[in-house]
Amino acid sequence: MSDPFGAEAELINIESHFHQGQYQEVIDFDTTSFSSENALPARVLQLRARIALGQAEDVLAEVAGEKKPELEAVGALAQLSAGDAESAVETIEQLAATDAGEIGIVQVVGGTVLAAAGKADEALALLQRHQGNLEAVALIVHIYLAQNRTDLAVKEVASARRLAQDSLLFNLAESWVGLRLGGDKYQQAFYVFEELAQAPATSSVRSLVSQAVAELHLGRTEESQAALDQALKKEPGFADAIANQLVWSVITGQDSAEYKAALEQADPNHPFLTDLAEKSDLFDKAAIKYKAKVSA
């Protein structure tokens, strides 16, 4: 349990805003009274929030020439967001090969870069060097779920329970796993996401999408649509909301062409579209083989 008056407590509110996807609130957060040891972690959170809001080029310019490993890692994240994945990965791999790889911020930001660049095993290797960092745990869980290794995600959450089971990040990670496990876990995940999404102080487009997904798993299509409507009203071009609107339309028997076109415009490289293209290609190849056998 952390000291409520310690250095970590000073970061709780700005970290909560970040992990809830309230990026503008992170940027606007007044950090002038923060202790010197928390000045850099707070700055990193604000820089990451700016990248998330599409300000990668500005962040790159700001951290250019910085020698602190934490800021070099942020620069790599900005490079990735700006479309230069090769340079971003090179920077993180160089940092990971030195003592900088033992720094929590470098692990988390570096792991984010490597995972997004398709280097999941490298990301896991870096993240697993953490010393009780819940954000590293959450990213590890996210990667395992993306790899369909639910068994490993479950183990990671179970191991993290001793760190801080009442923390926002732990609750989010446990809820992500719950959505994969199903059964009564759907309802438990829904409670977490709905509480975050509907409270004015914590609501964000990401928590609304998470609520919508939980509602859909519970068979509540109207409630799911309502949450997606709220998300798209907040941020009309938010790709994950559009992707889930597309899924909703397929499940409910609606025409999905409009949402597929909208997703292609919002994020042509969205994982949903990539996965769809791969499956479509596999289907076409299988159909050709089957047709050849029938013809013979």
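Residues are numbered from 1 along each chain as its sequence is written, and side-chain values use heavy atoms, with hydrogens and water left out. Because the model is predicted, local features need pLDDT of at least 70 and side-chain atom pairs count only at pLDDT 80 or more, while totals for chains, interfaces and linings use all residues.

Start with the aromatic rings. The structure holds 3 aromatic pairs (rings of Phe, Tyr and Trp, the last by its six-membered ring, with centres within 6.5 Å; planes under 30 degrees apart are stacked, over 60 edge-to-face, the rest tilted). Select Phe 18 and Tyr 23: the ring centres are 5.4 Å apart and the planes stand at 65 degrees, so this pair is edge-to-face. Both Phe 18 and Tyr 23 are buried (under 20% relative accessible area; exposed is over 50%, partly exposed in between, with a 1.4 Å probe and protein chains only).

Next, select Phe 190 and Tyr 191. This pair is tilted, with 5.9 Å from centre to centre and 50 degrees between the planes. Phe 190 is buried, at a relative accessible area of 10%.

Last, go to Glu 264. Glu 264 is partly exposed, with a relative accessible area of 37%. Show Ala 239 as well: the C-alpha atoms of Glu 264 and Ala 239 are 8.9 Å apart, although 25 residues separate the two along the chain.
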